[in-house]
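Here is a short walk through a protein model. Keep the sequence beside the structure as you read.

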Amino acid sequence: MYAIETQGLTKDYGRGKGIFDVTLQVPQGEAFGFLGPNGAGKTTTIRHLLGFIRPQKGRCGILGKNCFDEAAEIQRHLGYLPGELAFLDGMTGKALLDFLAQMKNLKDKRHMTELIDRFELDPSGPIKKMSKGMKQKLGLVAALMARPSVLILDEPTSGFDPLMQNRFVELILEEKERGTTVFMSSHMFEEVARTCDRTAILRDGKIAAIEDMASLKNKRSRHYVVTLDTPQRAAALRLENFEITSREGARVVIPVQNDVQNLLRQLSALPVQDLDIRTPTLEEIFLCYYGGDRT
């Protein structure tokens, strides 16, 4: 049984808006990324998983249960952090967490306290006076405090500084070790690379690809930035079995995947003044699915 599964999930809002034939399976204990630009259909897909929307076509399920018909049962095992937080501003953070703990029938609040300490959250103040980052921390504590078996996170580190982003990554890795299934929509590509096993790439409401993160990272070619002694020599440079993708003054850029020794052998006969290596980001790789060039 998959922890999360969709088959042919479709919601057509007209004029090309919506999601179309979205099919994916997330095994229990996997961290699964869900990437795409604004308007690609990420939030619509998540709303189906939460049981907020009935599919026009297809189906979706969590832990073997229908997301729309059995939403109440699914909620017992689900932690959710929305992309746009909407809290009751008249409450304090502590009052909200206590209220949610009561709703979840959470008797032991030790994990809630651990999360509050971990993210340096002060829940005593009124929510309406909290910064975006503090509200994000509050939402994350609310989603995780009952130790759900399935986590759905929509842009989870929005408003976080680099320190809190690192703490979030550490937490997700711990949750994976515990066997939690994580479904994470994010625009932070390196964050997905550090936490997720696979990722779906959504374009115009359709799945463009589902990639294994380890193999995707291995596909990244390194760009060797070579500076020669003169611009004229750089302009005339030709290398056997290598393409030069750009030239600027005395500097050329050469993408290389595996044959590094061959490149270095050819460069050894040239007046190389400097050599730098740049690894393309996952963001640059993903651009190929949105109309850019493949790196």
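Begin with one residue. Glutamate 120 has a relative accessibility of 48%, so it counts as partly exposed, because exposed would require over 50% and buried under 20%. The model is predicted. Glutamate 120 sits in the loop that links α4 (110-118) to α5 (132-144).

The backbone at this point deserves a look. Most residues other than glycine have a negative phi.

Which residues of α4 are buried? They are His111, Met112, Leu115 and Ile116. Viewed down the axis of α4, these buried residues fall within an arc of 140 degrees, so they line one face of the helix. The spacing has a simple background. An α-helix has 3.6 residues a turn, so residues three or four places apart point the same way. The buried residues of α4 pack against α3, α5 and α6. Turn to the face of α4 directed away from the buried side, and you find the exposed residues Arg110 and Asp117.

The largest nonpolar core holds 37 residues. Leu97, Phe119, Leu140, Leu153 and Phe168 have the most contacts inside this core. Several elements each supply at least two of its residues: β3 (31-35), α3 (93-103), α4, α5, β7 (150-154), α6 (162-178), β8 (181-185) and α7 (189-195). The largest share comes from α5, with six residues.

Take leucine 140 as an example. Which residues does it touch, once neighbours within four places in sequence are set aside? Leucine 140 is in contact with Leu81, Phe119, Leu153, Phe160 and Phe168.

Finish at another loop. Aspartate 204 lies between β9 (198-203) and β10 (206-212). Its phi is positive too, about 55 degrees, although aspartate 204 is not a glycine. Is aspartate 204 buried or exposed? Its relative accessibility is 54%, so it counts as exposed, because the cut-off for exposed is over 50%.

Terms used. Residues are numbered from 1 along each chain as its sequence is written. This is a predicted model: local features need pLDDT of at least 70, side-chain atom pairs count only at pLDDT 80 or more; totals for chains, interfaces and linings use all residues. Side-chain values use heavy atoms; hydrogens and water are left out. Helices (H or I, at least four residues) and strands (E, at least two) are DSSP runs, numbered from the N terminus. Buried means under 20% relative accessible area, exposed over 50%, partly exposed in between (1.4 Å probe, protein chains only). A nonpolar core is a set of buried Ala, Val, Leu, Ile, Met, Phe, Trp, Tyr and Cys residues joined through side-chain atoms within 4.5 Å. Contact means heavy atoms within 4.5 Å. The arc is that of the directions from the helix axis to the C-beta atoms.
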